[in-house]
Amino acid sequence: MIGQVALPIEPPSAAAMLAWFPPPVPLLPVVAVGLAVWYLCAVRIVTSHGRHWPVTRTASFLAGCVALAAVTGLAIDGYGYRLFSAFMFQHLTLSILVPPLLVLGAPGRLLLRSTPHRGVGRYVLIGALGGLRCRASRIVLHSGFTIPVFLLSYYGLYLSNLFDAAAASVTGHVGLQVFFLVSGLLFVVPILSTGPLPVRQSNLGRLFDIFVEMPLHVFIGVILMMAPRPLTETFAQPPPSWNVDPVADQAVAGGLAWSYGEPIALLTTLIFAIRWRRDEEVESAIREADVERGDAELAAYNAFMRELHQPPVRRIDAPSVPAPDTPDPSAPGPCRDRPHDK
């Protein structure tokens, strides 16, 4: 027992961590179920109006909801109170895996398409657009804010006493989980979101943010694997029934930070690179169309100017030929000798 929290009795294993063991405050599992239900209802509204919604987006968002509910609602959450490797797995899943899955589902675009423009829906849209356009949104989605927050979620917590102070209670434990999820969303939204944003970075700027974030997991993992003693008091004394060496478990946590984070970061980079290439192709097609349109307009203009500078064409009329005289039948003809006159 930790205060009002009952810890699992069995030694940690993959099967034991996936067992049913509800947390004392199931905040994030309830949020995950609520998001999944809303998303399915919104997709049904959109498709009932004859609009197409990609299945891949739905699958990605629901996968994120399942991962969110599993990592915070099963027995792994109970082990995370005293087992560094379990808590690190939660941390990495909440900050690296769940945010891209949710963002790739385009929930913001689905909200704008599925919400009616009258009644309560009108106020929902006003609130969503107002929050999107406010100055606070521009600040929290700027890389100058998201990257330091991401640094704090690793180095600022595990290498200081801040983590022990926050993880000493159920409220602090759940608060850390919410912080990991929010920090991951703030970092991923400017990179992978296709919906409207208050400020959209250039592709080069987003690539820079990705490569600044990727080494974070490697360095913190190396530090945890090479530390000769437990770096936190929270995980220094696991229950004796678990038969866990805290230093060895801390090395496992460092190995997770090194091996779990990098493949997901590389996959995120690959998705971003594909979108960057697609944007370049679209921009190139637009430029070519503008050039062709400009060439046609230039050719028409040149033809018009040539017509203006050409001398006017003079018409030469053919000389008129007088028509032959037609004899008048009533006029007297030439005098002819008649036979009787001779």
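The protein chain has 14 helices and 0 strands. Helices (H or I, at least four residues) and strands (E, at least two) are DSSP runs, numbered from the N terminus. Read along the sequence, the pattern is α-α-α-α-α-α-α-α-α-α-α-α-α-α. The model is predicted: local features need pLDDT of at least 70, side-chain atom pairs count only at pLDDT 80 or more, and totals for chains, interfaces and linings use all residues. Residues are numbered from 1 along each chain as its sequence is written, and side-chain values use heavy atoms, with hydrogens and water left out.

Of the 342 residues in the protein chain, 38% are buried. Buried means under 20% relative accessible area, exposed means over 50%, and partly exposed is in between (1.4 Å probe, protein chains only).

## Pockets and cavities

Rolling a probe the size of a water molecule over the atoms shows where empty space is left. The search uses a 1 Å grid over the protein atoms alone. A cavity is a set of points where a 1.4 Å probe fits but cannot get out. A pocket is an open set with protein on both sides within 12 Å along at least five of seven lines. Lining residues have an atom within 4 Å of a point. Grid points are joined across faces, edges and corners, and a volume is the space filled by probe spheres set on the points.

The largest pocket holds about 840 Å³ of space. It is lined by 31 residues, and Pro107, Gly108, Val189, Ser193 and Leu197 are the closest to its centre. Several elements give two or more residues to this lining, among them helix 2 (27-48), helix 3 (55-73) and helix 5 (84-104). Helix 11 (170-192) is another of these elements.

Val189 lies in helix 11. Val189 counts as buried, at 18% relative accessibility. The C-alpha atoms of Val189 and Val103 are separated by 6.4 Å, yet the two residues are 86 residues apart along the chain.

The second largest pocket has a volume of about 400 Å³. Of its 18 lining residues, Leu192, Ser193, Thr194, Arg275 and Arg278 are the closest to its centre. Helix 5, helix 11, helix 12 (203-226) and helix 14 (261-309) each supply at least two residues of this lining. Helix 14 gives the most, with 7 residues.

There are 3 cavities of 30 Å³ or more in the whole structure. The largest cavity has a volume of about 120 Å³. Its lining includes Ser95, Phe150, Glu213 and Thr268. Helix 5, helix 11, helix 12 and helix 14 each supply at least two residues of the lining of the largest cavity.

The table sorts the linings by class. Ala, Val, Leu, Ile, Met, Phe, Trp, Tyr, Cys and Pro count as nonpolar, Asp, Glu, Lys and Arg as charged, and the others, Gly among them, as polar.

| Lining | Residues by class |
|---|---|
| Largest pocket | 24 nonpolar, 6 polar, 1 charged residues |
| Second largest pocket | 9 nonpolar, 3 polar, 6 charged residues |
| Largest cavity | 9 nonpolar, 2 polar, 1 charged residues |

## Aromatic rings

The structure holds 12 aromatic pairs. Rings of Phe, Tyr and Trp (its six-membered ring) pair if their centres lie within 6.5 Å; planes under 30 degrees apart count as stacked, over 60 as edge-to-face and the rest as tilted.

The rings of Phe84 and Tyr158 have centres 5.4 Å apart and planes at 50 degrees, so this pair is tilted. Phe84 lies in helix 5 and Tyr158 in helix 9 (residues 143-158), so the pair ties together parts that are 74 residues apart in sequence. Phe84 is buried, at 1% relative accessibility. Tyr158 is buried too, at 0%.

Phe179 and Phe180 also form a tilted pair, with 6.0 Å centre to centre and 55 degrees between the planes. Phe179 is partly exposed, at 27%, whereas Phe180 is buried, at 1%. Ring pairs link Phe84, Phe87, Tyr158, Phe163, Phe179, Phe180 and Phe235 into a cluster.

## Charges over rings and cysteines

A charge sits over a ring if NZ of Lys or CZ of Arg is within 6 Å of the ring centre and within 35 degrees of the ring normal. The charged end of Arg57 sits over the ring of Trp53, 4.9 Å from its centre. The charged end of Arg122 sits over the ring of Tyr123, at 6.0 Å from the ring centre.

The structure holds 0 disulfides (pairs of cysteine sulfur atoms within 2.5 Å). Cys65 is buried, at 4% relative accessibility, whereas Cys134 is partly exposed, at 29%.
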